[in-house]
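This report describes the fold of one protein chain and then looks at some of its residues. Please view the sequence and the structure before reading on.

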Amino acid sequence: MAAPTIVTINHSLSRNEVRRRIIKGVDRLAVRIPGDASINHQWVDPDHIELVVKTFGAQILCSAQIADNQLIITLWLPFTLSMMSKPIASAIQNKGLRYLS
């Protein structure tokens, strides 16, 4: 597995509002990911969610940490997807900015 890919999304929302939006959208996330994706998630604490995304026969481990002015997303991409880390991070950044604005 390659080094983790970290995406930081700045926001001006409260932690509660970011959490509410994540809860509202996490179950719909799979339809937005190509490759007939499935997602399992678990809240570790009120500001930290961990996800396992399965797509294209690969498993991607993810975590999202809610901070006061940013959402920090960490992805551990398997080698087969590591060459796509920049486009994947860019897509997450762009969609995340729209979702949290």
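## Overall fold

The protein chain of this predicted model contains three helices and five strands. Read from the N terminus, its elements follow the order β-α-β-β-β-β-α-α. The radius of gyration is 13 Å, close to the 13 Å given by the globule rule for 101 residues, so the chain is as compact as a globular protein of that length.

Taken along the principal axes, the box filled by the C-alpha atoms is roughly 35 × 25 × 25 Å. Of the contacts between residues at least 6 apart in sequence, 44% join residues at least 24 apart.

## Surface and charge

Buried residues account for 39% of the 101 residues in the protein chain. The chain exposes about 6300 Å², and carbon and sulfur atoms supply 58% of that area.

The protein chain carries 11 positive and 7 negative side chains. The centres of these two sets lie 9 Å apart.

Ser-63 belongs to strand E4, which covers residues 58-66. Its relative accessibility is 11%, and buried means under 20%, so Ser-63 counts as buried. Leaving aside neighbours within four places in sequence, Ser-63 is in contact with His-48, Ile-49 and Glu-50, and also with Ile-72, Ile-73, Thr-74 and Trp-76.

Leu-71 is found in strand E5, residues 70-76. With a relative accessible area of 8%, Leu-71 is buried as well. Beyond its neighbours within four places in sequence, the residues in contact with Leu-71 include Val-7, Thr-8, Ile-9, Val-18, Ile-22, Ala-64 and Leu-100. Leu-71 and Arg-15 are 56 residues apart in sequence, yet their C-alpha atoms are 9.3 Å apart in space.

## Two loop residues with positive phi

Where does Asp-36 lie? Asp-36 sits in the loop between helix H1 (15-26) and strand E2 (38-45). Asp-36 is not a glycine, but its phi is positive, at about 50 degrees. Exposed means over 50% relative accessible area, and Asp-36 has 77%, so this residue is exposed.

Phe-56 is in the loop that lies between strand E3 (48-55) and E4. Phe-56 also has a positive phi of about 50 degrees although it is not a glycine. Is Phe-56 buried or exposed? Its relative accessible area is 61%, so Phe-56 counts as exposed.

Definitions and conventions
Residues are numbered from 1 along each chain as its sequence is written. This is a predicted model: local features need pLDDT of at least 70, side-chain atom pairs count only at pLDDT 80 or more; totals for chains, interfaces and linings use all residues. Side-chain values use heavy atoms; hydrogens and water are left out. Helices (H or I, at least four residues) and strands (E, at least two) are DSSP runs, numbered from the N terminus. The radius of gyration is taken over C-alpha atoms; the globule rule is 2.2 Å times the number of residues to the power 0.38. Buried means under 20% relative accessible area, exposed over 50%, partly exposed in between (1.4 Å probe, protein chains only). Contact means heavy atoms within 4.5 Å. Accessible areas come from the Shrake-Rupley method with a 1.4 Å probe; for residues, only the protein chains shown count as cover. Lys and Arg count as positive and Asp and Glu as negative; His and the chain ends are not counted. The place of a charge is taken as NZ of Lys, CZ of Arg, CG of Asp or CD of Glu.
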